[in-house]
Every structure is written in structure tokens, then in C-alpha cells.
Amino acid sequence: MTAPQAFHPLARLLHWTMAVLILAMLFVGVGMVTTVSEKHQWLLALHRPLGAAIFVLALIRIGVRLRFKPPALPADMPALVQFVAHASHWVLYALMLAMPLIGWAMLSAGGYPIMLGHAWHLPPIAPANGVLFAWLREAHRYVAYLFFLTILGHMGAALYHALIRRDEVFPSMTFWPKGHGVKTEAPPDIAADESEIMTDTRQPPAA
Ligand code: HEM
Ligand code: HEM
């Protein structure tokens, strides 16, 4: 089976929906821990259900990824760079699952109720233990930093493909066809002029 030109539409929809949700979560998390105001409770109330939604969407996304073959990276990319690109994608998938699980386990270890809304709450997934709580709290923070750094590297790589290499990688994840708004080939009139130059066999006049 040959590789498709683009990611499956469902994979693209999940990619961009989750990119917005995950970036929002990183900022909501930092907002929660950097404010001294009691008014930040609404941020925590948003953080828990959004984190749970990211966990469920990540599971669906991994299923979609395994079910539908992704497009191949450009053949002229060195093997090591292709390996790093694929490895970084699996690190991103792992972090999408790890962050909500650590957050959930942290609140369980702290003995807090894990409310997702007024009526919904999750069962604890770790024993109530102060030392474990402190450890998971640190882990949630440092894994979030790692997530942020990996996303920055990923965005840098995506923009490098889109703006500098101008190859098929970026359009494979968007909803518009390759070349939309970006001239990737010489316009026909220039191409015609060029071919004229190439085939012009006239000799310059003798001096
Ligand atoms: C929270 C932010 C983001 C996360 C977690 C994320 C995650 C991912 C993952 C896991 C893949 C691999 C798809 C696969 O092979 O299964 C991917 C692909 C891709 N992402 Fe993102 N992404 C994010 C934001 C962005 C942004 C902002 C851009 C554009 C500037 C972008 C552009 C791309 C492109 C072009 C691909 C296709 C790469 C390829 O063909 O291998 N992503 N993303
Ligand atoms: C993709 C999912 C998640 C992301 C990206 C994320 C991100 C963050 C970030 C950046 C912080 C601030 C860390 C710091 O600087 O100390 C934070 C704090 C926190 N997160 Fe998450 N989180 C996620 C999921 C969850 C879930 C599912 C829960 C609970 C069910 C949760 C509970 C918390 C709590 C209670 C804090 C405050 C910790 C403290 O007081 O130090 N998080 N999160």
C-alpha cells in the first residue's frame, strides 16, 4: 500500500483541536499556580475536565494514527532527521497521555476529590500519601516544561517545512491543498520564456 499525500481528515481535525486545547492547558496551568488570588478557582475547575478530555482525545487519536497510514516524510530528508521527527511525534503522544495521568494521580495522592463538573468525579488512581503527592506535583510541573519545549521544537520544525523548505509536510496536516497561496512553480509565462532561451539556436551576428 503506497503512503497517502496527507493525514486522514480525522487525524487533521484532532491535531488542530488538540493543539488549541493543549496550549490552552499549559497557560491555564501556569495561570493557576502563579496567581495568589482566590478567584483562580475557575481555572482549576477548567483544568481538570479539559485535561480529562485531552486524555480521551489522545487515545482516540492514537487509534486513528494506527488505523490510517500517515504520509511519508520527504525522501530527501536525512534518515537521522526522519528518525528524530518520528521519535518526537511519539514523545508528544506519550506526553498527551502522561500529563493528565500525572495530574489525576497527584490529586488522588493528595486525597482531593477529582471533580470534572458538578455531578461528575473521577475515582482515585493512587493511594493518599503526602510524599507521593509532593513527588507527583513536581513531576506534573517538570513534565509540563518538557511538553512545552517539545511543542516549541515541533512548531519550529513545522514552520521550517512551511516557510523555508516549502515541501509537502505542512500541507499534509492542513485542510487546503499544497501550493494554495504559495507559488511553488514558475508561472507559465516565465516557464515559456525560459524554454525559449533554452531552445534559441540563433547565432549572434558575426563581428
Ligand atoms: C500543542 C501543540 C501540538 C501538538 C501536541 C502537536 C502534535 C503533533 C503530532 C503528535 C504529530 C505527528 C502526527 C503523526 O505522525 O502521527 C504532529 C504532526 C504535525 N504537526 Fe503538530 N502538534 C502541535 C502543534 C502544531 C502546530 C502549532 C503546527 C504548525 C505550526 C503543527 C504542525 C504539524 C505538522 C505540519 C505535522 C505533520 C508532520 C509530518 O508530516 O510528520 N503542529 N503534530
Ligand atoms: C494535557 C493535560 C495537562 C496539562 C498540559 C497540564 C498542565 C499544567 C501546568 C503547566 C501546570 C502548572 C505547573 C507549575 O508550574 O507548577 C499544572 C498544574 C496543575 N495541574 Fe495540570 N495539566 C494537565 C492535566 C491535568 C489534570 C488531568 C489534572 C487533574 C485531574 C491536573 C491538575 C493540576 C493541578 C491540581 C495543578 C496545580 C498544581 C500545584 O498547585 O502546583 N492537570 N498543570
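Visitor: How do I read "buried" here?

Guide: Buried means under 20% relative accessible area. This is a predicted model. H15 has 12% relative accessibility, so it counts as buried.

Visitor: Which residues coordinate the iron atom of ligand 1?

Guide: Look for donor atoms: N, O or S within 2.8 Å of the metal. Here H15 and H154 coordinate the iron atom of ligand 1, each through NE2, at 2.0 Å. H15 belongs to helix α1, residues 9-34, and H154 to helix α4, residues 130-165. The two are 139 residues apart, so this pair links distant parts of the chain.

Visitor: Why is the arrangement around the iron atom of ligand 1 octahedral?

Guide: Six donors count as octahedral if opposite donors are over 155 degrees apart and all others between 65 and 115. Around the iron atom of ligand 1, the 6 donor atoms subtend angles of 87 to 180°, and the arrangement is therefore octahedral.

Visitor: Which residues come nearest to ligand 1?

Guide: Start with the shell, then pick out polar contacts. The shell around ligand 1 holds 21 residues, and H15, R65, H89, Y93 and H154 come nearest. R65 has a polar side-chain atom 2.4 Å from an oxygen atom of ligand 1. In the side chain of Y93, an N or O atom is 2.5 Å from an oxygen atom of the ligand.

Visitor: Which element gives the most to the shell around ligand 1?

Guide: Sort the shell by element. Helix α1 gives the most, with 5 residues. At least two residues each come from α1, α2 (41-67), α3 (79-109) and α4. By residue class, the shell has 15 nonpolar, 4 polar and 2 charged members.

Visitor: Now ligand 2. What are the protein donors of its iron atom?

Guide: H47 and H140 are the protein donors, both through NE2, and they lie 2.0 Å from the iron atom of ligand 2. H47 sits in helix α2 and H140 in helix α4. They are 93 residues apart, and this pair too links distant parts of the chain.

Visitor: Are H47 and H140 buried or exposed?

Guide: Both are buried.

Visitor: What makes the arrangement around the iron atom of ligand 2 octahedral?

Guide: Check the angles again. The 6 donor atoms around the iron atom of ligand 2 subtend angles of 86 to 179°, which makes the arrangement octahedral.

Visitor: How many residues surround ligand 2, and which are the closest?

Guide: There are 22, and the closest are M32, H47, R137, H140 and R141. Then take the polar contacts. R137 places a polar side-chain atom 2.7 Å from an oxygen atom of ligand 2. In R141, a side-chain N or O atom is 2.8 Å from an oxygen atom of the ligand. A polar side-chain atom of H140 lies 2.8 Å from a nitrogen atom of ligand 2. Helices α1, α2, α3 and α4 are the elements giving two or more residues to this shell. The shell divides into 14 nonpolar, 5 polar and 3 charged residues.

Visitor: What pattern does the protein chain follow along the sequence?

Guide: Read the elements in order. The chain has 5 helices and 2 strands, and the pattern is α-α-α-β-β-α-α.

Visitor: How many of the 207 residues of the protein chain count as buried?

Guide: As a share, 29%. Among contacts between residues at least 6 apart in sequence, 67% join residues at least 24 apart.

Key:
Residues are numbered from 1 along each chain as its sequence is written. Chains are lettered from A and ligands numbered from 1 in the order in which they are written. This is a predicted model: local features need pLDDT of at least 70, side-chain atom pairs count only at pLDDT 80 or more; totals for chains, interfaces and linings use all residues. Side-chain values use heavy atoms; hydrogens and water are left out. Donors are N, O and S atoms within 2.8 Å of the metal (3.2 Å for Na, K and Ca); water is not among the atoms, so sites may look incomplete. Four donors count as tetrahedral if all angles lie between 85 and 135 degrees; four count as square planar and six as octahedral if opposite donors are over 155 degrees apart and all others between 65 and 115; anything else is irregular. Helices (H or I, at least four residues) and strands (E, at least two) are DSSP runs, numbered from the N terminus. Buried means under 20% relative accessible area, exposed over 50%, partly exposed in between (1.4 Å probe, protein chains only). A residue is near a molecule or strand if one of its heavy atoms lies within 4 Å of it. A polar contact is a pair of N or O atoms within 3.5 Å; within protein, one must be able to donate a hydrogen and the other to accept it, and residues adjacent in sequence count only if both atoms are side-chain atoms. Ala, Val, Leu, Ile, Met, Phe, Trp, Tyr, Cys and Pro count as nonpolar, Asp, Glu, Lys and Arg as charged, and the others, Gly among them, as polar. Contact means heavy atoms within 4.5 Å.
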